[in-house]
Amino acid sequence: MQNSEMQNSEEIWRLVDAKKESFIALSDRVWGMPELCYTEARSCAEHVAALEAEGFRVTRNVAGIPTAVMGEAGEGGPVIAILGEYDALPGLSQVSGLAEPRPAEANGNGHGCGHNLLGSASLLAATAVKDYLATHGLRGRVRYYGCPAEEGGAAKGFMVRAGAFKDVDIAISWHPASFSGVNEPESLANTRIDFTFTGRSSHAAAAPHLGRSALDAVELMNVGVNYMREHMPDGARVHYAMLDGGGVAPNVVQARAKVRYLIRAKDLVELNPLVQRVRKIADGAALMTETKVETRVISAVSNLLGNAPLEKLMHDNFMRLGPPDFDDLDRAVAAKFQATLTAEDITAAYRRHGLNVEPGKVLCDKIVPIETSGAGGVGSTDVGDVSWVVPTVQARGATCAIGTPFHSWQLTGQGKTSFAHKGLVHVAKVMAGTALDAIRDPGLIERARNDLEKRTGDAPYACPLPSEVGPALDMSKAA
Ligand SMILES: [Zn+2]
C-alpha cells in the first residue's frame, strides 16, 4: 500500500482529509496577517469564524483575554482539549517560498515560529473528532482552545489561573519542527520582568553632579547579572533587552530607562531563588546610582511535565500513520531553504531529537523513536502550566527543511509551502487519532491522571504568576 493510501485507512484520518483544504486556507490567511502578542484580533476572528462554521459552541474572551477563544462540541463523556496558537513575531516578515532573506514588508511581523500552522492543525483535529463523535453517537466532548500570545505573553498561564482547563481530562497540542514524533517533555520554567529605573535629568556637561542616571543603573544591573552567570544552576538562562535607553541625546543625563529580563531555569524550585537574586542586583544598581527601580512581571511559565501513558498513545498513532508523505517537489523547494542554513543549524536539529545526522536529507522521513533523549536546545512554552493541571501531550510535526531554526526568516518563508501544508494535515491526524483513542478508553484517562498525580505529588501546582499580575494586553505597544 502507498503511504498516502495507508494514511487514509482509518476513518478519523479520512475525516481530517475531508476538510483539510479549508484549514490549509485558514493557515495561509493567518500567515498573511501576522499579529503579535495579544493583538491577534484578526487571526482570532478567523478561528472564531471557522469554529462557528463547524458548529462548535464558542466562548470568546477566555480568561478576560480578547484574543483567546474556546469552541466545544459533543455531549457528556470525557473532555479532550486541543490547543492552538496564532501569534507571530516582530521583524520576521519574509516573502513566501523565497529562500533568501527579503521581507514582504519592511520591519514587518512574520510567522517565524509557524503558529499559523499550529492553530489550524489543532482546529482541524478538533473538527475531525467532532465529526467522528457525531457520526457514531459517541459520548465525549472535544474543545479547541485558541491561545494567544505564546511568544512573550504566555497567555496559557492566565487561562489556567482563570480555570479555563479545570474540567478538561486530557490536553493535546503540537509544534512545527524538523522531525515528526512525540515532543520530549522538556522545557524551562521562566519569567519576564520589566525593570524601570527613574533618576533625575540634568545637563550632562554643565551640571552632571545634579543628574542621577537611570541608564547607568541599567548598565550596572546588566554587569551585575553577567557576573552572576558563573554561579547559576546548570541549565539556567538569563537574557535581557533594553526597552528604553533613556533617549537619544548624549548631553542629557537619562532620567528613565527600562530593561526587560527573561530568566529561565529547570523548574520553579530553581527559578524562584534566581529571580530573587536578579531583583537584588536591580536594587543594588539603584542604590549605586541613587535612582529608584520599579518592577513589573510580564509573564511566568512553569516547566513542562510529561505524561507516559499519553506519550505512548500518541507515539502509537504516529507509528500507525507513518511519516508525512513528502515528494520530490517538496524536497526540491525545502533543499533551497536548507542551503541557507549552517552545518551547525542542521546538526543541532538532529541532536535536539537524539538522532544521528543524515547528510543530504532535506525533509523528515521517519518518526522519532519515543525513547530517544535529545541534547540541548531546550526553550520554554506556556503549555507548561497546562501540563501541571491536566495530563498533557504534545506532538512535533515536520513542516520545514531539517535544521530550520525557530524564529527565523527561513521558517516564515516555508509557512505556506506544500510540505508545510502536508505537515499540518499529518499532525492533525495524529492529534485527532490520539484524542479519539483517549475518548474510547476511559482506563487510559485514569492512567494519565494517575501519572500526573505521581509527578506533582511532592509539589502540587503553584501558579508562578503573582496574583496581582494580569495579562499584559498592552505589551506589544509597551515593548
Ligand atoms: Zn512557537
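Which strands does helix α5 (residues 115-136) lie across, and at about what angle does α5 run to β3? The legends below take up this question and then turn to the other views. The model is predicted, and local features need pLDDT of at least 70, side-chain atom pairs count only at pLDDT 80 or more, while totals for chains, interfaces and linings use all residues. Residues are numbered from 1 along each chain as its sequence is written, and side-chain values use heavy atoms, with hydrogens and water left out.

**View 1. Helix α5 on the sheet of 7 strands.** Helix α5 lies across β2 (69-75), β3, β4 (140-147) and β5, running at about 155° to β3; helices (H or I, at least four residues) and strands (E, at least two) are DSSP runs, numbered from the N terminus. The angle is taken between N-to-C directions, from 0 to 180 degrees, with axes as lines fitted to C-alpha atoms, for helices over the stretch in contact, where contact means heavy atoms within 4.5 Å. The open sheet has the order β1-β2-β4-β3-β5-β11-β6, with mixed pairing, and its edge strands, β1 (57-60) and β6 (181-182), each pair on one side only. Two strands pair if DSSP finds at least two bridges between them.

**View 2. Strand β4 and its partners β2 and β3.** Of the 8 residues of β4, 7 are buried, meaning under 20% relative accessible area, whereas exposed means over 50% and partly exposed lies in between (1.4 Å probe, protein chains only). With β2, strand β4 pairs in the antiparallel sense over 7 bridges, and Glu72 stands opposite Arg143 in β4. With β3, strand β4 runs parallel, joined by 7 bridges, and the bridge partner of Glu85 is Cys147 in β4. Strand β3 (residues 79-85) also pairs in the parallel sense with strand β5 (residues 170-177), over 3 bridges; here Ile82 has Ile172 in β5 as its bridge partner.

**View 3. The open sheet of 4 strands.** The strand order is β8-β9-β7-β10, with antiparallel pairing. Strands β8 (237-244) and β10 stand at the edges, each with a single partner strand, so one side of each is left without a neighbour in the sheet. Neighbouring strands of this sheet are turned by 20° against each other on average, direction ignored. The antiparallel strands β8 and β9 are joined by 7 bridges, among them one in which Val238 has Ile263 in β9 as its partner. Helix α7 lies across β7, β8 and β9, running at about 20° to β9, and α8 packs on the sheet, touching β7, β9 and β10, with a direction that makes about 10° with that of β7.

**View 4. Helix α8 and its buried side.** At 1.5 Å a residue, the 22 residues of α8 (residues 268-289) should span 32 Å, and its end C-alpha atoms are 31 Å apart, which agrees; the expected span is 1.5 Å times one less than the number of residues. The buried residues of α8 include Leu268, Leu271, Val275, Ile281 and Thr289. Just after α8, Glu290 takes a positive phi of about 55°.
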